[in-house]
Structure formats: structure tokens, C-alpha cells
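Consider how the parts of this chain are held together.

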Amino acid sequence: QVQLVESGGGLVQAGGSLRLSCAASGSISGIYRMGWYRQAPGKQRELVASITSGGRTTYADSVKGRFTISRDNSKNTVYLQMNSLKPEDTAVYYCNAAGSWSGRAFDGYWGQGTQVTVSS
């Protein structure tokens, strides 16, 4: 089992910045990728950014150049630095962990979500 706890959401004006944190605990040795997803009202959950255990990053086109995902292995924490925020970034942001445990791949570990609201 892996537990994910997010923090750092809130209300910010357009053009502002926020940093989200996701602290992982439990069977973290099996994790090979962590990511941030978001879900706006009436829309499907979408990938925002991900980072592998080797440090390779992936970003949605809509956030490239504005968001940065990083990790601190000493703290078992992944961050999402969000700059130049837009009202369309408003959503609940979820942390996700994917990995392999007991020889089986699994990508269904989720945090509880943190609300990000960007006002115009």
C-alpha cells in the first residue's frame, strides 16, 4: 500500500503561482512514476505532469513552460510548481503513484485531491 497526501492548493489570481506537494509513504520502493492529474467540473481527469524514478518528466501541452514537476527523494515528496496560472487551470489536483509490487504493475494510488482556484 502507498499513501499519498497532497497540500498546497488554494485561491490565487490569474498570473500568480502556487506550489503543490505530494508526500508518499508506505511501500514507496515500488514506485517508478508519480504524477499530477486534475479534474475540472464536468470534465474528465487529465494528466498534468509526471516524473519517473529516473527523473524523466512529461507535461500536458497546456502547461508546458508554466508548470514544473520535481521530486525530493530524501523526503519522498513530489512537487508541482505552477506559474502564470490561468482561470482554466482551476480544478481539483490529484497526486498519483504508479509502480510494481510483488511483480505486478499498478497505477491506482491516488491522493485525496487539493483544490486550485484561479480567479480572473
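Strand 3 and strand 8 pair in the antiparallel sense over six bridges; two strands count as paired if DSSP finds at least two bridges between them. Strands are DSSP runs (E, at least two residues) numbered from the N terminus. Within this pairing, Ala 23 has Thr 77 of strand 8 as its bridge partner. This is a predicted model, in which local features need pLDDT of at least 70, side-chain atom pairs count only at pLDDT 80 or more, and totals for chains, interfaces and linings use all residues. Residues are numbered from 1 along each chain as its sequence is written, and side-chain values use heavy atoms, with hydrogens and water left out.

Both strands belong to an open antiparallel sheet of four strands in the order 1-3-8-7. Strand 1 and strand 7 are the edges, each pairing on one side only.

Arg 38 forms a salt bridge (a Lys or Arg side-chain nitrogen within 4 Å of an Asp or Glu carboxyl oxygen) with Asp 89, at 2.9 Å from N to O. Because Arg 38 lies in strand 4 and Asp 89 in the loop between strand 8 and strand 9, the pair ties together parts 51 residues apart in sequence. Both residues are buried, that is, under 20% relative accessible area, where exposed is over 50% and partly exposed in between (1.4 Å probe, protein chains only). Asp 89 also bridges to Arg 66, with the closest N and O atoms 2.8 Å apart.
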